[in-house]
Protein chains: 2
Amino acid sequence: MTQEKRPLILVCNDDGITAPGIRTLIRAMNALGEVVVVAPDSAQSGMGHAITINSTLRVDKGNHDAGPQTEYSCSGTPVDCVKLAVHVLLDRKPDLLVSGINHGSNSSVNVIYSGTMSAAVEGAMQNIPSIGFSLHEYDWDADFSGCEPFLRSIALDVLQKGMPANTCLNVNFPPTSLAPYKGIRVCRQAHAKWVEEFDIRRDPRGKAYYWLTGEFINEDQGEDTDEWVLKQGFVSVVPVQYDLTAYTTLEEWHNRLEE
Amino acid sequence: MTQEKRPLILVCNDDGITAPGIRTLIRAMNALGEVVVVAPDSAQSGMGHAITINSTLRVDKGNHDAGPQTEYSCSGTPVDCVKLAVHVLLDRKPDLLVSGINHGSNSSVNVIYSGTMSAAVEGAMQNIPSIGFSLHEYDWDADFSGCEPFLRSIALDVLQKGMPANTCLNVNFPPTSLAPYKGIRVCRQAHAKWVEEFDIRRDPRGKAYYWLTGEFINEDQGEDTDEWVLKQGFVSVVPVQYDLTAYTTLEEWHNRLEE
């Protein structure tokens, strides 16, 4: 395979360009193609599909390990990184976008809060085959080695066979205590939720400030969900689309609101 | 109707608590119930479903006009505002959440970038009947008066009949040049997209910085879309859900990725 024919792979994340998760993903992708990293210069967890429109963006080129990839760090959100990569930094459209490996699960409803998954969704919106990867461990020093064979096999499948239009993949890895993982299961996102609490504190001047905290509650007992298959020790793959129309309720609303 | 029996209405937006759009919405809701405003203290456009997890939140109580509502401004995103309202500031669950009126359209794919709509989606996730309102005008001084009868009629419908589970409404108003509006049409979101460009500038030290710009392109000619009905001078209503699973592709992925 000549250098010119190697696929171009764009790598992004939301934990920031120095995170061990993205370092694992970069290493795996270097074996599959020409890798360009465009990732946030600081942690952007929980940024969802945010874009920077009331402020400016900065980009710095420079590698954070000894690998052959090209790296840019960006002051913006994960979605900003994808847009900057596609419209400014890359000289051709990537053959694949991979985002992650996120430090923490993006299963179930977390997909909507996740900067890592929003980068993948933005990739799909830009018509790039895109995959988000997340590990169910929050530790900075989590062991990502159990993910590696799946990074490779899923990325290769998508490079070879492409992606349905307007779709990307949300891949989640079970906690490392369940590695080696049993295989891959394709599933729907569980209908779970966060029950939030706020930790209310007082600053040195006595004024209140708030930290968001919460507990993840899954009351969806379906055996076809990501939460279920992750508990069984399988890697979960949920195909994700971004048309939010609630088609099943259209008829009801026609009757209620139109005259 | 006694004060105790009036519905509790939570009002949010993403343009910030002083925006004329939210002032119009507050006035309309004051006629329907007890209104509590929890909105960002500065512009949060394009924040999508972002939440603040690496930083703290601040809240200040105080009204920005002479109306009877209670108002809190918050340092966080629109979704932060909803979570803070529900879990800290309100003493009971709201009967209705309304977000907006956004200065600018949130039709089609804009729903995914919009802080205004993400507040409504978060309301649905919190099991609160929720509606986002947006006007297709970016001017701070846009004329919102054409929206008023529809704010009232749609909010009343939802207060009286409720909302299907895991659903909210995305209501968009055509440009003011098309007012008075012809009525309401329920529709799906158009499959349109943004084609981005970045305005690249140099700071006084010669280093590049970037402004995101772009053009909205609608190639979806369906007459059942929000873009279509808005062009005809109707108010568009898209019911919105937040399960992103691409159900129609599950079978294909089972065959491709499972062993």
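**Figure 1. Where chain A meets chain B.** In this predicted model, 62 residues of chain A are in contact with 63 residues of chain B. On the side of chain A that touches chain B, at least two residues each come from α2 (78-89), α3, α4 (148-161), β8, β9 (193-202), β10 (208-217), β11 (235-241) and α6 (250-257) of chain A. Among these elements, α6(A) gives the most, with 6 residues. Sorted by class, this side of chain A has 32 nonpolar, 16 polar and 14 charged residues.

**Figure 2. How the two copies are related.**

Figure 3. Follow the 9 strands of chain B in the order β3-β4-β2-β1-β5-β6-β7-β11-β8 to trace an open sheet with mixed pairing. Its edge strands are β3 (59-61) and β8 (184-186) of chain B, each pairing on one side only. On average, neighbouring strands of this sheet are turned by 20° against each other, direction ignored. Helix α6(A) packs on the sheet, where it touches β8 and β11 (235-241) of chain B. The direction of α6(A) makes about 165° with that of β8(B).

**Figure 4. A parallel pair within the sheet.** Here you can look at strand β2 (residues 34-40) and strand β4 (residues 70-74) of chain B, which pair in the parallel sense over 5 bridges. For B:Val38, the bridge partner in β4(B) is B:Tyr72.

**Figure 5. A covered helix, α3(B).** Helix α3(B) is mostly covered, with 11 of its 11 residues buried. The buried residues of α3(B) include B:Gly115, B:Thr116, B:Met117, B:Glu122 and B:Met125. Following α3(B) comes B:Asn127, which has a positive phi near 65°.

Figure 6. A:Ser108 is not a glycine, yet its phi is positive, near 55°. A:Ser108 sits in the loop between β5 (96-103) and α3 (115-125) of chain A. Is A:Ser108 buried or exposed? A:Ser108 counts as buried because it has 26 C-beta neighbours inside 10 Å, and the cut-off for burial is 20 or more. B:Ser108, also not a glycine, has a positive phi of about 55°, and its place is the loop between β5 and α3 (115-125) of chain B. B:Ser108 has 26 C-beta neighbours inside 10 Å, so it counts as buried.

**Figure 7. Two cis peptide bonds.** In chain A, the peptide bond joining A:Ala179 and A:Pro180 is cis, with omega about 0°. A:Pro180 belongs to the loop between β7 (167-173) and β8 (184-186) of chain A. In chain B, the bond from B:Gly100 to B:Ile101 is cis, and omega is near -15°. B:Ile101 lies in strand β5 (residues 96-103) of chain B.

Terms used
Residues are numbered from 1 along each chain as its sequence is written. Chains are lettered from A and ligands numbered from 1 in the order in which they are written. This is a predicted model: local features need pLDDT of at least 70, side-chain atom pairs count only at pLDDT 80 or more; totals for chains, interfaces and linings use all residues. Helices (H or I, at least four residues) and strands (E, at least two) are DSSP runs, numbered from the N terminus. A residue is buried if 20 or more other C-beta atoms lie within 10 Å of its own, exposed if 12 or fewer, and partly exposed in between; C-beta atoms are placed from the backbone. Two residues are in contact if their C-beta atoms, placed from the backbone, lie within 7 Å. Ala, Val, Leu, Ile, Met, Phe, Trp, Tyr, Cys and Pro count as nonpolar, Asp, Glu, Lys and Arg as charged, and the others, Gly among them, as polar. Two strands pair if DSSP finds at least two bridges between them. Axes are lines fitted to C-alpha atoms, for helices over the stretch in contact, and angles run from 0 to 180 degrees between N-to-C directions.
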